[in-house]
Amino acid sequence: MDKFTTLTGIVAPLEALNVDTDQIIPKQFLKRVERSGYEGMLFYDWRYLEDGKTPDPAFELNAPRYQGASILLTKDNFGCGSSREHAPWALNNYGFRCILAPSFADIFYYNCFNNGMLPIVLPGNVIESLFTEVRATEGYELTVDLAAETITKPDGGVIAFEISPFLKERLLNGWDQVGLTLLHKDKIAAYEAKRGIA
Amino acid sequence: MAKNIYEKIWDAHVVHTPEGQDTILYIDRHFVHEVTSAQAFEGLRMANRAVRRPELTFATMDHNIPTTDRSIPIQDPLSQKQVDTLEANCEQFHITCFDMYDPRNGIVHVVGPELGLTQPGMTIVCGDSHTATHGAFGALAHGIGTSEVEHVLATQTLLQKKSKTMEIRVTGALRTGVTAKDLVLAIIGKIGTAGGTGYVIEYTGEAIRKLSMEGRMTVCNMTIEAGARAGLISPDDITCAYLKDRPYLPKDRTFEELAEGWKAWASDEGCAYDTVVEVDAGEVEPQVTWGTSPGMVTGISGKTPVLAELEGNDRLAAEKALAYMDLGEGVPMTEVRINKMFIGSCTNGRIEDLREAAAVARGHKVSETIDQALVVPGSNEVKKQAEAEGLDQVFKDTGFEWREAGCSMCLAMNDDRLDPGDRCASTSNRNFEGRQGKGGRTHLVGAGMAAAAAIKGHFVDIRDWDFRG
Ligand code: SF4
């Protein structure tokens, strides 16, 4: 898995609440059996006009100033709905490595970490002021430092965030969770023996 | 010390908590379907890993399969490939798979309980958010991502952090005509779609105790729509009676011994929860959603919201939802006209739901304004039972289509879908934009309410229904 240590990147705003995984990537794209190649399918129903090809100019993420963004700024309960890991895959394939929101849906949140992505929970008022600042300044960039648990703004202002120490370690080291658990194979065998699972 | 059911199951499944890490939790039952598993099996192959306990994993195909004639091959090559991939993976890794032609096939969350693969006290996972359904049996059951599916296949465990617990105590009794679906929609409306985030919910109280297993599954199924990791109901005699004689129960103990063991998982008298929410079942009326998230719901006597009465983010969300749903402000729900109906899904595709719908439909005809009314059983077993009871005939006489089992128009991965602009009364669990087809508009309701809406062409209060025969 890719490591996540620090990231400096353009911030793109997605002003919607309860963005569900059906919006992040609609079901017709879940038929593929690969983990990559989902970038063109991200926010499909919002992103394109009727023809499914021409970018909809009314969709903010399509604006030229947000191209190449690696940080997504959004609102409450992002990633709710289905457990499809295609949602973080699509965001990741598109180029987003970090997502800022006041809250995330549980399964989506953990799916991000399994793909080397960092979802950050920030208070609602901090998110609101970031929306204002991002829109006010073209090319607005933030620098995320996972080890320090800080986000630095263009004006030098610093926003602190919190994250579980274990999830942080995993991202910093790019640990594969299966490999990590298999280090404790003997413990699993002992548990099975105790339960009589032969 | 008195423990609640979540604490009991958690404690019994802790394998190890390495210093500074999440807990390695043992998984008793793993369900797999075609949509979220291919990349997990591929991961195993790439790392040259085996499935640790193939006998604890069971697979079914449900999302992609057609609900029309099964003797005709699947038309969409991508769907066919996904189904074939699951079959090949199950064969390579020695996993039991209920394929499209197997009498045990059906929606994974209908099949597990029906076969007795779901039992009280188990930890159950599946790469599907509605795994919460199995919590109705007093199992700790939840959805996981594909990387976690791979983790479970390789290690038979999951890395987990202990959740907080929420008790939702449902006092009183549901009024006649009000169902488990209405109850859970009302609960989501009350606590919000993120109200359960970070929690495992246990439903308690008289009204829950009186629910059948089908009703309990409907409630637990939609727990994920309230943001919670899992929903649980402590096992009791109703749970045990449902499970009796199911094919996959352990064979080394008598039913009495099993039942005693199951009931021991129930929450202890006087146990504690991090949060308690009280709901009065007597106050719940039949529910209909008006928006694009399950929490955007009101009673059938209610109206769509008036934006000026809302503030901030609530207003932003309601404005966007009403625009998508093409509904005005303050519109009575009984005036909302539909042109499609879908009865089915892991929320309301069980035999009891079909009986409820058939009781409403009997002696009536579908409205002329309805373009399509689908009834899709949740599994082959449900289909067989419904046909034995003659329910299929009632539906056909009414003018509803009777289909083969599967997920169908719950998420429209097969050919069953809404067209842009369609408005559907649906017994499924998600009214998200485009969920049932791009541009389609979904109103979530119970099975009886859906049938009634298809007969009248608009939503009606099922409590005033003219039941015939
Ligand atoms: S019926 Fe719908 S919600 Fe249930 S498993 Fe199938 S697609 Fe998912």
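Figure 1. Across all chains, a search of the whole structure finds 22 aromatic pairs, where rings of Phe, Tyr and Trp (its six-membered ring) pair if their centres lie within 6.5 Å. The ring centres of Phe43(A) and Trp46(A) are 6.0 Å apart and their planes lie at 10°, so this pair is stacked, the term for planes under 30 degrees apart.

**Figure 2. An aromatic cluster in chain A.** Ring pairs join Phe78(A), Phe104(A), Phe108(A), Tyr109(A), Tyr110(A) and Phe113(A) into a cluster.

Figure 3. His86(A) belongs to helix 3 (residues 86-94) of chain A; helices are DSSP runs (H or I, at least four residues), numbered from the N terminus. The relative accessible area of His86(A) is 0%, and the residue is therefore buried. Apart from neighbours within four places in sequence, His86(A) is in contact with Ile25(A), Phe29(A), Leu30(A) and Tyr38(A), and also with Val35(B) and Gln39(B). Contact means heavy atoms within 4.5 Å.

**Figure 4. Helix 13 and helix 14 of chain B.** The axes of helix 13 (residues 351-361) of chain B and helix 14 (residues 380-388) of chain B come within 9 Å and cross at roughly 40°. Helix 13 of chain B contributes Ile351(B), Leu354(B) and Arg355(B) to the contact, and helix 14 of chain B contributes Val382(B), Gln385(B) and Ala386(B). These residues divide into four nonpolar, one polar and one charged.

**Figure 5. Chain A as a whole.** Chain A holds eight helices and seven strands, strands being DSSP runs of E with at least two residues. The C-alpha trace of chain A spans about 60 × 45 × 25 Å along its principal axes. Of its 198 residues, 60% count as buried.

**Notes.** Residues are numbered from 1 along each chain as its sequence is written, and chains are lettered from A and ligands numbered from 1 in the order in which they are written. In this predicted model local features need pLDDT of at least 70 and side-chain atom pairs count only at pLDDT 80 or more, while totals for chains, interfaces and linings use all residues; side-chain values use heavy atoms, with hydrogens and water left out.

How values were computed. Axes are lines fitted to C-alpha atoms, for helices over the stretch in contact, and angles run from 0 to 180 degrees between N-to-C directions. Ala, Val, Leu, Ile, Met, Phe, Trp, Tyr, Cys and Pro count as nonpolar, Asp, Glu, Lys and Arg as charged, and the others, Gly among them, as polar. Rings of Phe, Tyr and Trp (its six-membered ring) pair if their centres lie within 6.5 Å; planes under 30 degrees apart count as stacked, over 60 as edge-to-face and the rest as tilted. Buried means under 20% relative accessible area, exposed over 50%, partly exposed in between (1.4 Å probe, protein chains only).
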